[in-house]
Amino acid sequence: MLTRRLLSLSATALGAGLLCFSLSAQAREYSVSTVLSADFPWGQAAEKWAELVEERSDGDITLRVYPNSQLVNGDQTREFSAMRQGLIDMAVGSTINWSPQVPELNLFSLPFLMPDTGSVDAITGGEAGEMVFNTIESRGVMPLAWGENGFRELSNSKQPIVSPEDLDGLKIRVVGSPLFQDTFTALGANPTQMSWADAKPALTTGAVDGQENPLSVFDVARIDQVGQKYLTLWHYMNDPLIFAVNQRIWQQFPEEDRELLRQAAIDAGQWEIEMSREQKNERLAAIKERGVEVSELTEDQRQAFIEATQSVYEEWTPQIGEELVATAREAVEKR
C-alpha cells in the first residue's frame, strides 16, 4: 500500500513537473508586432531579429512575428500603447506611428531636418538618440536598437513636383500624425489622413492625388500601378525603426537573455539598414523602368521647401522639446 501511494505521489509530482515545464516552454514564445510584412525591409528586420534570437538562444526563446498590424486590428498608431499595456510583447515599430504616445519621436518628422543618411546616423547614434531612447523607456517600453524605414519621397498622378507651388491644391494622403498635416498644409497641399489599407484604393479612384513613402514601399507595393506617374526625391524626412520590448517582460528576463535580445536587435537593425541603403539604386532603376518620371531637387529647390516649412518648426519644436531639437540639429551640423 505504501509503495503504491509513493508511486502515485511520484506520478503526480512528475505530472506537475511536466506541466510546469510545458508552461515554462510556452512562456518562452513572445509576440513581435510590425506594420509591414517580410516583403518589405521593415518586416525583414523583425524576421531577422527572430532568427538571430532563435539561433543564439539555441531555440530557448522564440519571437513570433505578426505583420500588417494584425495585433492591433490594423491600427498602427495603437501599437505602442498595446506594447506598453502588455497586449504586445515586442515590436519593430516606426517613430511616426509611435509619436502620438511619445511626442519626442516627432523629431524625425520635422521637415528637411536630415538631408542625408549621415545626418540620420548622427542623430540616432548620438546624444539625441539617447535622449529619445530614455524618453521611450520612461513610458514603459524598453528600446533596444534602431532600424530604418528610410527617407519618405513624394509621388503624385498630376505633374512633376520641384517647388512648393507645384503642390498647390493637390490632395496628398498622409499618415495619422498632425505634424504631417501641418507640413503639407504649409506647402499649399490638401493633406488627407488615412490608413495605408485605404490609401491604395483612394489613389486608384483619384480620391487623392498623391502620397509619400520610402522607395521600398513605392517599389514593392507597386504604387506606380495606381496612377502615381511622378516621383520626387526630396528626402523631406526619415522614418527610423525601433526594436523594443514591453518593460514588464524585459524585467523578467535574466541579464544574459537581455543582452542576447539587445545584441540580436542591434545586429538585425544594422543588417536591415545596410540592406535598405544598398538596394536604393536598384529600386530606383526598377521604378524608372516602369515609366515613372523621377525628379531630384537641386540645392536651390530644396531650400525653397525648407523656407516654406519653417512655420512647422515654430509650432512643433516646443512640443518635441527645445533641447532635443537643438541637440539633433547640432548633430546634423557636425556630421
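Mentor: The expected span of a helix is 1.5 Å times one less than its number of residues, where helices (H or I, at least four residues) and strands (E, at least two) are DSSP runs, numbered from the N terminus. This is a predicted model, in which local features need pLDDT of at least 70 and side-chain atom pairs count only at pLDDT 80 or more, while totals for chains, interfaces and linings use all residues. Residues are numbered from 1 along each chain as its sequence is written, and side-chain values use heavy atoms, with hydrogens and water left out.

Trainee: How do you know that the span of helix 11 agrees with its 24 residues?

Mentor: At 1.5 Å a residue, helix 11 (residues 255-278) should span 34 Å, and its end C-alpha atoms lie 35 Å apart, so the two values agree.

Trainee: Which residues of helix 11 are called buried?

Mentor: Buried means under 20% relative accessible area (exposed is over 50%, partly exposed in between, with a 1.4 Å probe and protein chains only); in helix 11 the term covers residues including Asp257, Leu260, Leu261, Ala264 and Ala265. Of the 335 residues of the chain, 53% count as buried.

Trainee: What makes helix 6 and helix 15 a packed pair, and at what angle?

Mentor: Two packed helices are described by the angle between their axes and the distance between the axes. Axes are lines fitted to C-alpha atoms, for helices over the stretch in contact, and angles run from 0 to 180 degrees between N-to-C directions; helix 6 (residues 127-138) and helix 15 (residues 322-334) pack at about 150°, with axes 8 Å apart. Contact means heavy atoms within 4.5 Å, and Glu127, Ala128, Met131 and Val132 in helix 6 meet Glu323, Leu324, Thr327 and Ala328 in helix 15.
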